[in-house]
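Trainee: I have not seen this one before. Can you walk me through it?
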Amino acid sequence: TRAIIWSDNRSEAQARALRAELSALGRDFYAHTGIPMHPMIPLCKLAWFRKHQPRLLQRAHKWLSIKEYVWWKLTGTYQVDYSMATATGLFDSRRRAWYPAALDYAGLRPDQLSEPVPTTRFLPYEPGRPTVATTALPAGVPLYIGASD
């Protein structure tokens, strides 16, 4: 697979297990991430891959949202704003860092995710850098990562 749409529900069993009778693990994840366990969150989707396609999960260089991919194409950096990171179910919003227990549950390494940054992060557009897409934007124009999508 190259892309997973937001409405993919294959991870229903993983979400249900985390919600079952308010499982200790599900409560812990909710306490740190603030995200209810649902099959549409990346935590559950990645846990599905861990169970059904573990080799693919580990081989993946990066797991990105569409917004992160566009930011990478425009800036050459793997970064995600705090609001998008929070919505993954993998991010400890109080510490503003990836939550190790959630990464472990999903079977991810921290280097497979983007660097979390404030929503006010901006970088100048620098066409000609490797991986940076060519656009009609003038060089040096500030690009802001913004919030959510």
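Mentor: What follows is a short chat about salt bridges, one glutamate and a pocket.

Mentor: This is a predicted model, so local features need pLDDT of at least 70, side-chain atom pairs count only at pLDDT 80 or more, and totals for chains, interfaces and linings use all residues. Residues are numbered from 1 along each chain as its sequence is written, and side-chain values use heavy atoms, with hydrogens and water left out.

Trainee: How many salt bridges does the structure hold?

Mentor: Seven. A salt bridge here is a side-chain nitrogen of Lys or Arg within 4 Å of a carboxyl oxygen of Asp or Glu.

Trainee: Which residue pairs with Asp-81?

Mentor: Lys-67, with the closest N and O atoms 2.5 Å apart. Asp-81 sits in strand S1 (residues 79–81) and Lys-67 in helix H5, so the bridge ties together parts that are 14 residues apart in sequence. Helices (H or I, at least four residues) and strands (E, at least two) are DSSP runs, numbered from the N terminus.

Trainee: Is Asp-81 buried or exposed?

Mentor: Buried, because its relative accessible area is 1%. Lys-67 is partly exposed at 21%. Buried means under 20% relative accessible area, exposed over 50%, and partly exposed in between (1.4 Å probe, protein chains only).

Trainee: Now Glu-68. Where is its place?

Mentor: Glu-68 is in helix H5, residues 66–75. Glu-68 is buried yet has no salt bridge; the nearest side chain of opposite charge is Lys-62, 8.1 Å away. For charge, Lys and Arg count as positive and Asp and Glu as negative, while His and the chain ends are not counted.

Trainee: What does the side chain of Glu-68 reach, then?

Mentor: The backbone nitrogen of Ser-65, at 2.9 Å. The side chains of Glu-68 and Ser-114 are also joined, by a polar contact of 2.6 Å. A polar contact is a pair of N or O atoms within 3.5 Å; within protein, one must be able to donate a hydrogen and the other to accept it, and residues adjacent in sequence count only if both atoms are side-chain atoms.

Trainee: New topic: which helix gives the most to the lining of the largest pocket?

Mentor: H5, with five residues. A pocket is an open set of points on a 1 Å grid over the protein atoms alone, where a 1.4 Å probe fits, with protein on both sides within 12 Å along at least five of seven lines; lining residues have an atom within 4 Å of a point.
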